[in-house]
Amino acid sequence: MRPLDVRIPLDASLALAPEILLCIGAMVVLLLNAWRHRTAQDSRLAGWIALGSLLPSALAVAVLWMGGTRASGDPFMVALDGFRFASLALILAITAGTILLSLGYLEREGLIAPEYYALVLFAASGMMFLAGAEDLIVLFLGLEVMSISVYVLAGFNRANVFSAEAALKYFLIGAFASAFLLYGIALTWGATGSTALTEIGQRLSGPALPLLGTLGLALLLIGMGFKVAAVPFHMWAPDVYDGSPTPITGLMATGVKAAGFLALARILVEAFPHAAGQWQPAIAGLSLASMVLGNLVALSQRSLKRMLAYSSIGHAGYLLAALWPGTREGLSATLLYLTAYALTSLAAFGILAVLGRGGEREVTLDSIAGLSRRRPWLAFALSACMLSLLGFPGTLGFVGKWAILAALAAEQQRTLAVVLVVTTLVSAGYYLPVVMAAYMREPLAADAHDTARLPRPAIVAVGVAVALVLLLGVLPAGALDAALATAGTVAGAR
Amino acid sequence: MAQLLSGLGYRQWILHALLLVPLLGVVPILLGRPAAAKRTALVVSLVEFVLSLGLWWALDTSPGTLQLNFSVPWIPAWGISYAVGIDAISMTMVLLTTLLMPLCVLGSWSYIKTRERGYYALLLTLLTGILGVFVATDLFLFYVFWEVMLIPMYFIIGIWGGRNRLYAAIKFFLFTLAGSLLMLLAIIVFAWKVYGATGTLSFAYAHLLEHREAAGSLAPWLFAAFGLAFAIKVPVFPLHTWLPDAHVEAPTAGSVLLASVLLKLGTYGFIRFAVPFFPGVALAPPVSALVVALAVIGIVYGALVAMVQPDIKKLVAYSSVSHLGFVMLGIWAATTQSLQGALMVMIGHGFSTGALFFLVGMLYERRHTREIAAFGGIAKVVPVFSLIFTVVALSSIGLPGLNGFIGEFLVLLGSFRVHPWATGIATTGVIFAAAYLLWALQRIIFNRLDKPENESLGDLNRRELLVMLPLLAGIVWLGLYPAPVLRRIEPAAVVYVRTVRGDYDAMRLSALAPERRR
């Protein structure tokens, strides 16, 4: 048993450039806050600086991806494979979207708090560590940096009691989940003497998984299950999603979920490739429960935000189904579906944020009735999002679902596939009424949608997201090839 | 004609042009003035019709196989291509669709008064979707068109429909989606099965058809998934409950397209995909007995329910359930004659039911009611309307000399050897059809003119005549001289029978008919 190695070799620290640059950006925003934190102007400035600081990080990702990739396998702390860089790019895109949506939102809600953007950046750096971790310790650190920032963000609207409730709930459950995860890491270390994912994989290559290893795997699954809000570890999600400021709900539903799934994919494929017999039934069970419960409960929601919260549980189920095969196809389906879901959800939450007047708890089907009459583009974008979430052909959501079904079909896993399509049908029962209300009903009041106007930065975010969802929905070949290529770089992927 | 067309390179571009022209037409409609939308839509749909007309001459229908095949890779990683092709079966459907579309635009001329740009843009998008389903020869592409077509129809019903439109729209959408999602899964599983057996991942129709044996023990499940999707669309009893709602609530053009074309997508799906892919399952005695029984129940049930409808539009809607039962019977009897008959019913029903829906819509525009009891004796007030209505109703009944007769007769003739009992019962459907339509005719057009509101009804105007004349011409032409159509679809029918029955059975059954072999 060798001592725990937490050194990061020099060439690997270069590989951390995206995360480091992002943290520097966050600190610049924090420093700025010390002097300028009083007016809406200051808040906006912090937002734009935060957005700008994504750029060097994105450049670093691009440079590394083009030049510096090599297969992971050495027990480095972070992965150096294409899968990580694709993950980072996705997280950066989600962060950019969140910041763009927040710019107008915070002003509308009267929240003057430039530190908000620093927290978003810290959360993003946490997600990047989490998604790229090759070592359980880094994974845990990333998870905590991400989670603690998001706890604060969830309760950011201090005047709103639901926001406070969300923050407290998320914090308590999050702490609980972290404990599970940490215990799982400890047991896995006990079983293998290593925290590096690939090393764990090598040491657990025997025919039977030792008891400690099984326990460790189970606890890791439970801990990650909380983070990605898979049934039965989902109870916190609806209240937290509902109470948080809407752009943060978007960040939780997309960024946190994406980082969680990408990390989970690495844990399963790199650390436990030989224990597929153990984790596949568990993943299948979580997936089935999430698909069924998330979609059924979403049917009965009045508030659109809660509806999207439950539907995101359903989507977690689809993503778990994509993880089930543990193959290259499965990983690429995970990546594709995450991209589709992230783009669509961000846009949907962005639109939802401007539909609510005052508190957006009140956004129901009635409040979007006749939207197309007054705000045709908004109605179009919202409907495109709903159809993509439903997985309708012509949208990226369909390509993602097709990828998952193909990965399952290749492994002869039919139960999950059948449940996936049946629950997709159920989901039409709550996505379609949104389209219906927007197009087929009359506005309830003469001034119904006067305030429903996307601020300019949000137009960019929603516009780009919807355009990508539709464009890649029709011409997915490039995205698919890229996803397959990057998925092939993960060490344990069959 | 054929020379002229080949000089234009017609065979190279026609299928792509048919899919592209309506979509291009959407642009000027959305950018132009609302009042100009219908004119643009009319021009585009007429151009489309004229373009498609060339298929009649350009297509070599004698081999009975898919022609004008074209394929380019679309999503290579999954073996998906943009692949199109056409045979006589899809050609008749394409021509029917492109003929009806300008008529639908004309029929909506004064009916649609709100949000016209959206309406006509959706109508043209629907045209592309429908034609795409008929010409796609890659199952992914087919599925995309199959689903995308739903959206325009959903909006047409939901925005411009009647009082109960929201319910009808979502019911239509959910029913169709329920079937098609399982079909999606079946397509993927089937393709991967074939991939496992051949090492080639492809969604090309010909490839899957050639290696259909690879489905192995999964074939019953795959057939069930395909079959459910198509059966809902047809609709086969007892999956028909969405149909009366959708047909009645849709605006006139929507009802026409639903009945004349969209229902045929279901039967087309059976002919093209479900039965040829899994003939061993489809024609196995228990499955075959079930489908034939449901078809016959549909024929009789649809007719009986039509008889008691107080609403004309509902009556016509239920008559579709009955007519489509004949098509299903013809497909499952799987003889050359029965399939030719099924195709003729598909075409004939497109003309006569389309015409009936137009006529009902014209009545509704005048009186804003569709209650049969609200009319009576209007033959004196609107003689032209009454004459046309009578002719169309007679053709729907299946009077010899009009288009309804030949198809149902061929179906009954071709099915009798295979399913004598079922055919016997199905024959009563023809009698019931006479009953409900003649009775309706009597109550609407004849009887006494006892409602003062009806005394001032205006007869058909020129635009309405323009809508009806092509349909009437088709009804009479197909009734008196169906030979050109029959000749074109016969080889395709032979190919179908051979594909699903194997060569031996096909020869045995073809021998029943006096064949005109080349």
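Helices (H or I, at least four residues) and strands (E, at least two) are DSSP runs, numbered from the N terminus. By this assignment, chain A holds 20 helices and 0 strands. The model is predicted: local features need pLDDT of at least 70, side-chain atom pairs count only at pLDDT 80 or more, and totals for chains, interfaces and linings use all residues. Residues are numbered from 1 along each chain as its sequence is written, while chains are lettered from A and ligands numbered from 1 in the order in which they are written.

The C-alpha atoms of chain A occupy a box of roughly 70 × 55 × 40 Å along the principal axes. Of the 494 residues in chain A, 63% are buried. A residue is buried if 20 or more other C-beta atoms, placed from the backbone, lie within 10 Å of its own.

In chain B, strand β1 (residues 67-75) pairs with β2(B) in the antiparallel sense over 6 bridges. Pairing requires at least two DSSP bridges between two strands. B:Gln67 faces B:Ile86 across the pair, and B:Pro73 stands opposite B:Ser81. Strand β2 (residues 80-86) of chain B has 6 of its 7 residues buried, so it is largely enclosed by the rest of the structure.

Terms used: A residue is buried if 20 or more other C-beta atoms lie within 10 Å of its own, exposed if 12 or fewer, and partly exposed in between; C-beta atoms are placed from the backbone.
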